[in-house]
Amino acid sequence: MIHIKSSREIELMRETGALAAKTLTYIEGQLEIGMTTEDVDALCHDFMVSHGATPATLNYNGFPKSCCTSLNHVICHGIPSPKDKLKDGDILNIDVTTILNGFHGDTNKTFYIGDVAPETKKLVEVTYDCMMAGIEVCRPGAQLGDIGAAIQELAESNGYSVVRDYCGHGIGREFHEDPQVVHYGKKGTGVEMREGMTFTIEPMINMGKHHTKLLNDGWTVITKDKKLSAQFEHTILITAEGFEILTLDPDA
Ligand code: MF3
Ligand code: CO
Ligand code: CO
């Protein structure tokens, strides 16, 4: 069942979304070569808690940390660790989800650590453009397949592949609500968008093939071919006119 948000619920979604975005802005300002992904987690945890929020990932189905940190060929759900030190040339995705006043705000970005190779930067830039291409088709009456089609077209025309095993999702009082938002597919198919829906768009784009492998920790998802993967995520609202991005930092 897809929950259509009331105007009061939308207000609360805006607040939690803005805080999630501010969390990423804050962490970005602190990222440095040599710090560990556990350090990133501590920054994330303290920022959320000091702003009255709960980190949604902490203890979510047993996930042990307050954000996901996915380095290089890690696609998603990387677990922050004192063993993973940031190196010059790495790309690091940080995925944060706040719970504020009972509502979830979910966003992620892929950051450059030091000097990143041009071909790696291109993957990251195209991935951002894929997320935005998916967002820009959103409006009442459009269909979820339109999102996937826009993303797949842009990714594949650049020689990349779209991860199929993980997708975006409805979001609100629950972290993961209906509908599922897949990042590939056909225009004119799937659930019709309606004003008041809130969901994430979070394409994971691989330099090589789309296949994934789950590590033995039960969480970390890597590319099967060990090539690089990038991701960006926003939580959006369907409005009468089109869409509103709920996870923009109003001060950034
Ligand atoms: N934030 C992720 C998403 O975009 C979900 C992380 S769940 C966790 O849906 F348990 F891995 F943290
Ligand atoms: Co999400
Ligand atoms: Co997320």
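View 1. The model is predicted, with local features needing pLDDT of at least 70 and side-chain atom pairs pLDDT 80 or more, while totals for chains, interfaces and linings use all residues. Residues are numbered from 1 along each chain, ligands are numbered from 1 in the order written, and side-chain values use heavy atoms, without hydrogens and water.

**View 2. Residues around ligand 1.** Asp-106, His-169, His-176, Glu-202 and Glu-233 come nearest among the 14 residues around ligand 1 (a heavy atom within 4 Å). The shell consists of five nonpolar, five polar and four charged residues, with Asp, Glu, Lys and Arg counted as charged and Gly among the polar ones.

**View 3. Polar contacts of ligand 1.** Polar contacts are pairs of N or O atoms within 3.5 Å. A polar side-chain atom of Asp-95 is 3.1 Å from a nitrogen atom of the ligand. Oxygen atoms of ligand 1 lie 3.1 Å from a polar side-chain atom of Asp-106 and 3.0 Å from one of Glu-233. The protein covers 97% of the 340 Å² of accessible area that ligand 1 has on its own (Shrake-Rupley method, 1.4 Å probe).

**View 4. The cobalt ion (ligand 2).** Asp-106 (OD), His-169 (NE2), Glu-202 (OE) and Glu-233 (OE) coordinate this ion at 2.0 to 2.2 Å; donors are N, O and S atoms within 2.8 Å of the metal (3.2 Å for Na, K and Ca). The arrangement is irregular because its six donor atoms subtend angles of 52 to 162 degrees, whereas six octahedral donors require opposite ones over 155 degrees apart and all others between 65 and 115.

**View 5. The cobalt ion (ligand 3).** Donors come from Asp-95, Asp-106 and Glu-233, at 2.1 to 2.4 Å, with the sequence spacing D-x10-D-x126-E. The cobalt ions (ligand 3 and ligand 2) are 3.3 Å apart, and Asp-106 coordinates both.

Key. Polar contact = N/O pair within 3.5 Å; in protein donor to acceptor, adjacent residues only side chain to side chain. Tetrahedral: all angles 85-135°; square planar, octahedral: opposite > 155°, others 65-115°.
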